[in-house]
Amino acid sequence: MAKVFSGIRSSGRLHLGNYLGAIKNWVTLQDKADQCIFAVVDLHGVTTPYDPKAYPQQVMDTALDFLAAGVDPTKALLIRQSWVPQHAELMWLLSTITPVGWLERLPNWREKVDQVQAMGERGASYRNNLSLLAYPVLMAADILLYKSDLVPVGEDQLAHLDLANEVGAKFNHLFGKVFPVIKRHVTQGARIMSLTDPMKKMSKTGDEGIALSDSPDQIRMKIKRAATDSGREVKFDVVGKPGISNLMTIYATLANVSIGKLEERYVGKSYAEFKADLAEVVVGFLQPLQERRAAFAKDVDRVEAILTESEKRARIIADKTLADVHKHMGLR
Ligand code: ATP
Ligand code: MG
């Protein structure tokens, strides 16, 4: 069927956007794909300010969130990017054919620079760094290293996938065919917005979201305080009512109901009633994930073993691709 790859930065606690935009699709794809690799992309995580002392735990927390959300290590490899050093090598090789102009025109780069800038002193030593600009080349390498051809991601990553395809095509053109065409896998929920500012996407390092590990009371509080719009109708209208529309998307995707049905259900009801129901939907949805997470967290040795075994197998696939790349580039 397909070879699937996707990754998430170990830059903080995973939120509903990460789940709905990416992991939810990982869990369905792992049942059908020929090869599935899901990565805690710790080398991407160090491109923005972080605490080296806390980082190993943060990487582990991200892996725990993957497992909690349903990544099945018997069906998919669950790796830490830096433990498969071939990612970095392929990035270097791909950077030799990536024009800087292709990177400069990507919107996420400017956004990340602004985010880092807003961190004040903490961000000062990061905002002008090469890695922020070159990030998408590493992402192209992450995917192409396993000759993956299907990538489930949120909408914010689509421009990066286009870039990966351009770089792969350029490589094939210059050196001979090595890389496949990458297809995107995007579904409803691919762009969950911040609860405080529905014009910004929910994000780990930017605007606060609902974390998969938030307590029921935290969730209820965050949803109660979530920005809504003028007017009173629970009606889906992304332009006119971005706040309520975002909450409706969360409700619809988690409870598996259509937006139309939701609108019908809340005719004549208030935002407050809708929000109170949504909070219970989210709390109920996250409860089994949180229970699974707690069980894995008690058995960190088992999680380590899953990671180590996955990384061993990933390195074997990666070596094959790199051997191919070396040969085509005249390095062997
Ligand atoms: P950071 O602020 O550290 O960049 P992030 O929340 O943007 O964190 P990433 O690790 O960059 O998370 O992205 C992981 C995956 O989650 C990607 O597939 C991305 O497209 C998806 N994703 C991130 N934010 C959202 C969102 N708000 N809605 C839907 N999908 C999202
Ligand atoms: Mg991001």
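A residue counts as exposed when its relative accessible area is over 50%, as buried when that area is under 20%, and as partly exposed in between. Asn-256 has a relative accessible area of 70%, so this residue is exposed. The value belongs to a predicted model, and the same cut-offs are used for the other residues discussed below.

Asn-256 is found in a loop, the one that runs between helix H11 (242-255) and helix H12 (259-265). Its backbone has a feature to look at: phi is near 60 degrees, which is a positive value in a residue other than glycine. Lys-147 also has a positive phi, of about 50 degrees, and is not a glycine either. The place of Lys-147 is in the loop that links helix H8 (130-144) to strand S4 (150-152). With a relative accessibility of 24%, Lys-147 lies between the two cut-offs and therefore counts as partly exposed.

The next stop is ligand 1. Where does ligand 1 sit? Its place is in the largest cavity. The shell around ligand 1 is made of 23 residues, and the closest of them are Ser-11, Asp-156, Ile-192, Lys-201 and Thr-205. By type, the shell residues divide into six nonpolar, eleven polar and six charged. Among the elements that each supply at least two residues of this shell are strand S1 (3-9) and helix H1 (16-29). The largest share comes from H1, with four residues.

Several side chains place a polar atom close to an oxygen atom of ligand 1. For Ser-11, one of the closest residues, the distance from a polar side-chain atom to a ligand oxygen is 2.5 Å. A polar side-chain atom of Ser-203 is 2.9 Å from an oxygen atom of ligand 1. For Asn-18, the corresponding separation between a polar side-chain atom and an oxygen of the ligand is 3.1 Å. How much of the accessible area of ligand 1 does the protein cover? On its own, ligand 1 has 600 Å² of accessible area, and the protein covers 97% of that.

From H1 the chain leads on to a loop that ends at strand S2 (35-41), and Gln-30 is found in this loop. Is Gln-30 buried or exposed? Its relative accessible area is 6%, which is under 20%, so Gln-30 is buried. Gln-30 and Ser-10 are 20 residues apart along the chain, and their C-alpha atoms are separated by 21 Å.

Val-282 has a relative accessible area of 0% and is buried. Each can be paired with a residue elsewhere in the sequence. Ala-272 and Arg-232 are 40 residues apart in sequence, and the distance between their C-alpha atoms is 9.6 Å. For Val-282 and Tyr-251 the separation is 31 residues in sequence and 7.7 Å in space, again from C-alpha to C-alpha.

At 82% relative accessibility, Gly-268 counts as exposed. What distance separates the C-alpha atoms of Gly-268 and His-160? These two residues are 108 residues apart along the chain, and their C-alpha atoms are 43 Å apart.

Technical notes
Residues numbered from 1 in each chain as written. Chains lettered and ligands numbered in written order. Predicted model: local features only at pLDDT ≥ 70, side-chain atom pairs only at ≥ 80, totals over all residues. Heavy atoms only, no water. Near = heavy atom within 4 Å. Polar contact = N/O pair within 3.5 Å; in protein donor to acceptor, adjacent residues only side chain to side chain. Areas by Shrake-Rupley, 256 points an atom, 1.4 Å probe, with all protein chains shown as cover. 1 Å grid on protein atoms, 1.4 Å probe; cavity = no way out; pocket = protein on both sides within 12 Å on 5 of 7 lines; lining within 4 Å. Sits in = over half its atoms within 2 Å of the grid points. Nonpolar A, V, L, I, M, F, W, Y, C, P; charged D, E, K, R; others polar. Buried < 20%, exposed > 50% of the residue type's maximum accessible area, 1.4 Å probe, protein only.
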